[in-house]
Amino acid sequence: MPLFGAHISTSGGVEKSIERAIELNCEAIQIFTKNNNQWNGKPLTEESIKAFKDGVKKAKIKVTNSHDSYLINLCSTDKNISKKSHDAFLDELNRAEELALDYVVMHPGAHLGKGESAGLKTLTRAFNNLMKETRGYKVLTLIESTAGQGSNIGYKFEHLKEILDGVTEPERFGVCLDTCHLYAAGYDISTKDGYEKTFSEFNKIVGIKQIKMFHLNDSKRELASRVDRHEHIGEGKIGRDGFKFLVNDQRFKNHAMIIETPKEDDFMKFDSKNLNFLKSLLKERIHVAHSAVP
Ligand SMILES: [Zn+2]
Ligand SMILES: [Zn+2]
């Protein structure tokens, strides 16, 4: 069974995410290690780090990851933004390593008119500098597939392949696939045929082993819209079937699957609703299997 979880608020301190994760029965969690709309954050305190790590162990959370700040654009050729992005991503790797997180999930960024190929090269160079500065770190950097909104790169499997081929320490990287982004980018995972085709194409181009975790979000917008709008699971354009294929896919039975669906004004209510819906799709499969036994 996949490790279901959610993006959890760290309001009040990173360690506060644990009690929320327990309430939601999460086996995996995603957090921001600082305010995601700011370049800088206060350093994590020793107490906070210890409380978080102890909490993860006690709550039996199996996979932990952070998501990088939305301001970071490692594709930028603007000196000022490029420096700020580098420093902020380095800070993120440091925080993740301190908290012993498994992964930092990041958006590959926007080329802002320089072209996709230039953007991919700038990003790869930025990664290589960052890896040199963080030798020996255990945390893996996961490149998130994007919807391809605006000039964002990372919406084609070929982009992910090019980045992974360009980095000097590929073993420190992997991919996080976001279902909403896949669909908005034109990969139709809502039908059985489309689902199979998407993953066989991914396997051919990038390699299925590169997938380390998933973001599970339905999409408010149409296939290939290139617009990133998350919807509650089963209520968007992907619909329940697409998620049924994914949660029952034996290739991903030990993968973390994190929801980033709308929380409205009540994360407990909406996150648990979405997580329960996903788990119900899983039971369906087990039920079918049992009834097939003579
Ligand atoms: Zn995502
Ligand atoms: Zn998104």
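**Helix 4 and helix 5.** I started with the way these two cross: the crossing of helix 4 and helix 5 is right-handed (left-handed would have the near helix turned anticlockwise from the far one by less than a right angle, right-handed clockwise). Helices here are DSSP runs of H or I with at least four residues, strands are E runs of at least two, and both are numbered from the N terminus. This is a predicted model, where local features need pLDDT of at least 70 and side-chain atom pairs count only at pLDDT 80 or more, while totals for chains, interfaces and linings use all residues. Residues are numbered from 1 along each chain as its sequence is written, and chains are lettered from A and ligands numbered from 1 in the order in which they are written.

I looked up the geometry next. Helix 4 covers residues 116–133, and its axis comes within 9 Å of that of helix 5, at a crossing of roughly 35°. (Axes are lines fitted to C-alpha atoms, for helices over the stretch in contact, and angles run from 0 to 180 degrees between N-to-C directions.) On the helix 4 side I found Leu120, Leu123 and Thr124, which meet His159, Glu162, Ile163 and Gly166 of helix 5; contact means C-beta atoms, placed from the backbone, within 7 Å.

**Helix 5 and helix 7.** I then turned to helix 5 (residues 157–166) and helix 7 (residues 192–205), which pack at about 25° with axes 9 Å apart. Helix 5 and helix 7 are therefore roughly parallel (under 35 degrees; over 145 is roughly antiparallel, 65 to 115 roughly perpendicular, the rest oblique). Phe157, Glu158 and Lys161 of helix 5 make the contact with Glu201, Phe202 and Ile205 of helix 7.

**Helix 1.** Which residues of helix 1 are buried? I noted Ser17, Ile18, Arg20 and Ala21, in a helix running over residues 16–23. They span an arc of only 165° around the axis, which puts them on the same side of helix 1; the arc is that of the directions from the helix axis to the C-beta atoms. Their packing partners are strand 2 (28–31) and helix 2 (46–58). After helix 1 comes Asn25, with a positive phi near 55°.

**Gln30.** I ended in strand 2, where Gln30 lies. Gln30 is buried, with 25 other C-beta atoms within 10 Å (20 or more counts as buried, 12 or fewer as exposed, in between as partly exposed, with C-beta atoms placed from the backbone). Its C-alpha is 6.0 Å from that of Ile8, 22 residues away along the chain. Leaving out residues up to four places away in sequence, Gln30 touches several residues, among them His7, Asn65 and Ile258.

Terms used
Contact = placed C-beta atoms within 7 Å.
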